[in-house]
Amino acid sequence: MEILSSRTILRPDDYELTLSFYRNTLGLAIAREYPGGTVFFAGQGLIEVAAHGAAGNGGFRSAIWLQVRDLTAVQTELVLAGVKIAREARQEPWGLHEMWIADPDGTPIVMVQIPDDHPIRRDSRTPQ
């Protein structure tokens, strides 16, 4: 399978404290912000600190996010390899196509395909 990009998603109990740690204490540069979350550059990867779905509220504490080119093909490949699909591929309300699996230790892995017209694909910088 072809992985285009990846990130670690954190859903802390204290969003503002964790956000301040990565932004101010570690001084990581911001890759992008969205309502309820911030994505930081972290060397060759990304770290997303999300304010929604904290582990204490029935969500998960962390997950691995893997962007793929063709989610349908990846789902087929994983099923044929005997991987249990935790959540079938579908388009989410926020516009991404996602499928969920887990590694042998139960760490959630989100397989994501970004549609061509999704805001993540647009340059959000102000023209100068």
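1. **Basis.** The model is predicted: local features need pLDDT of at least 70, side-chain atom pairs count only at pLDDT 80 or more, and totals for chains, interfaces and linings use all residues. Residues are numbered from 1 along each chain as its sequence is written, and side-chain values use heavy atoms, with hydrogens and water left out.

2. **The sheet.** Start here. Eight strands form an open sheet with mixed pairing, in the order E2-E3-E4-E1-E5-E8-E7-E6. Strand E2 (30–34) and strand E6 (87–91) stand at the edges. Each has a single partner strand, so one side of each is left without a neighbour in the sheet. From one strand to the next, the twist averages 20 degrees. Strands (E, at least two residues) and helices (H or I, at least four) are DSSP runs, numbered from the N terminus. Two strands pair if DSSP finds at least two bridges between them.

3. **Strand E1 and its partners.** E1 (3–10) runs antiparallel to strand E5 (residues 62–68), and seven bridges join them. Ser6 stands opposite Leu66 in E5. With E4, E1 pairs in the parallel sense over three bridges. There, Leu10 has Val49 of E4 as its bridge partner.

4. **Strand E8 and its partners.** E8 covers residues 108–113. Five of its six residues are buried, so E8 is largely enclosed by the rest of the structure. Buried means under 20% relative accessible area, exposed over 50%, and partly exposed in between (1.4 Å probe, protein chains only). E5 and E8 pair in the parallel sense over four bridges, and Ile64 stands opposite Ile109 in E8. E7 and E8 pair in the antiparallel sense over six bridges. Met99 has Met111 in E8 as its bridge partner.

5. **The E7–E8 hairpin.** Five residues lie between E7 and E8 in this hairpin. Gly106 sits in the turn, with a positive phi of about 90 degrees.

6. **Helix H1.** H1 spans residues 15–25, and its buried residues are Tyr15, Thr18, Leu19 and Tyr22. They cover an arc of only 100 degrees around the axis, which puts them on the same side of H1. The arc is that of the directions from the helix axis to the C-beta atoms. An α-helix has 3.6 residues a turn, so residues three or four places apart point the same way. The face turned away from the buried side carries the exposed residues Glu16, Leu17 and Thr25. Strand E1, strand E3 (37–42) and strand E4 (45–50) are among the elements that cover the buried residues of H1.

7. **Helix H2.** H2 covers residues 71–80. Leu71, Val74, Gln75 and Leu78 are buried in H2. Their arc around the axis is only 100 degrees, which puts them on the same side of H2. Thr72 and Leu80 are the exposed residues on the face turned away from the buried side. What covers the buried residues of H2 includes E5, E6, E7 and E8. Contact here means heavy atoms within 4.5 Å.

8. **Gln75 up close.** Gln75 lies in H2. Its relative accessible area is 17%, and therefore Gln75 counts as buried. Leaving out residues up to four places away in sequence, Gln75 touches Glu88, Ala89 and Met99.

9. **Aromatic rings.** The model has two aromatic pairs. One of them, Phe21 with Tyr22, is edge-to-face: 5.2 Å centre to centre, with 85 degrees between the planes. Rings of Phe, Tyr and Trp (its six-membered ring) pair if their centres lie within 6.5 Å; planes under 30 degrees apart count as stacked, over 60 as edge-to-face and the rest as tilted. Phe21 is partly exposed, at 38% relative accessibility, whereas Tyr22 is buried, at 15%. Phe21, Tyr22 and Phe40 form one aromatic cluster.

Key:
Axes are lines fitted to C-alpha atoms, for helices over the stretch in contact, and angles run from 0 to 180 degrees between N-to-C directions.
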